[in-house]
Amino acid sequence: MSIAINKQVHSSVNQREALTDIAEELVLRMPALAPESTMTVVKALHDLLSGNDEISRARRLAMQRYLAETTERQDSNSQLTEAMLTVEAAAELMRSNKPYVAMLIDQKLLTGALVTEAGQRCVPESSVRAWIADRDAKASQADYRAAAAEAGMYDIPEEVYIESNFHRRS
C-alpha cells in the first residue's frame, strides 16, 4: 500500500512541476500578468485539467489533440525543410572520401552539420551542394600559373632547366 501511495505522491509532484513550468512560460508571455501570478495559473491549470467533470475531460482531450497535431506538423515540416546526409552520402555527392567530409564537418566548414552523442555525423544536403558550388566556382576561376609561381615552381631559371634536361639525354 505504501508503494502505491509513494507512486501517487511522486506522480503528483511531477505533474505539479510540469504545470509550474508551463505556468511560468505563460506568465512570461503575458505582460498583463505579474510574475507572482504563476501559482494562480498553476492552480487554474491543475483544476481545469485534473477535474472529473465533463468540461475537464473535454479540455484534456482537446489539449491532447492539439499537442499531437502540433508535434506531427512540426515533425513533417522539419523533414520537408532539410534532408540530412550521412558522411558516406555527402562524400559520394561531393566525389570525395569519407575522412575528408568528416574533417570538413569537424572544422565546421559545412554549415548546419551535426555530430550525435554517438559520434555519427550528418550534414544538410543544401550545405553540401553549396560547398560543391563554391569548389566549382573556385576551380573555374583558378589561375594555376600564378599558384605555381607562388609555390616557387618558377624560381629555377629556364636555362638551368634546359641544361639539366640536356645532360640527362646524353
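Student: Is Leu26 buried, exposed or partly exposed?

Tutor: This is a predicted model, so read every value as computed. Buried means under 20% relative accessible area, and exposed means over 50%. Leu26 has 33% relative accessibility, so Leu26 counts as partly exposed. Leu26 sits in helix 1, residues 2-29.

Student: How do I describe two packed helices?

Tutor: Use the angle between their axes and the distance between the axes. Take helix 4 (residues 87-94) and helix 5 (residues 98-106). Their angle is about 105°, and their axes lie 8 Å apart. Angles of 65 to 115 degrees count as roughly perpendicular, so helix 4 is roughly perpendicular to helix 5.

Student: Which residues make the contact?

Tutor: Helix 4 contributes Val87, Glu88, Ala90, Ala91 and Met94. From helix 5 come Lys98, Val101, Ala102, Leu104 and Ile105.

Student: Where is Lys108, and what is its phi?

Tutor: Lys108 lies in the loop between helix 5 and strand 2 (114-115). Its phi is positive, about 60°, although Lys108 is not a glycine. Lys108 counts as exposed, at 68% relative accessibility.

Student: Is Ser127 buried or exposed?

Tutor: Apply the cut-off again: under 20% is buried. Ser127 has a relative accessible area of 7%, so Ser127 is buried. Ser127 belongs to helix 6, residues 125-141.

Student: What does Ser127 touch beyond residues up to four places away in sequence?

Tutor: Ser127 touches Leu110 and Thr111. Ala113 is 14 residues from Ser127 in sequence, with 8.1 Å between their C-alpha atoms.

Student: Now the whole chain. How many helices and strands are there?

Tutor: Eight helices and three strands. From the N terminus the order is α-α-α-β-α-α-β-β-α-α-α.

Student: What share of the residues is buried?

Tutor: Of 170 residues, 18% count as buried. The chain's accessible surface is about 13700 Å², with 56% belonging to carbon and sulfur atoms. Among contacts with a separation of 6 or more, 36% join residues 24 or more positions apart.

Methods:
Residues numbered from 1 in each chain as written. Predicted model: local features only at pLDDT ≥ 70, side-chain atom pairs only at ≥ 80, totals over all residues. Heavy atoms only, no water. Helix = DSSP H or I, 4+ residues; strand = E, 2+ residues; numbered from the N terminus. Buried < 20%, exposed > 50% of the residue type's maximum accessible area, 1.4 Å probe, protein only. Axes fitted to C-alpha atoms, helices over the stretch in contact; angles between N-to-C directions. Parallel < 35°, antiparallel > 145°, perpendicular 65-115°, else oblique. Contact = heavy atoms within 4.5 Å. Areas by Shrake-Rupley, 256 points an atom, 1.4 Å probe, with all protein chains shown as cover.
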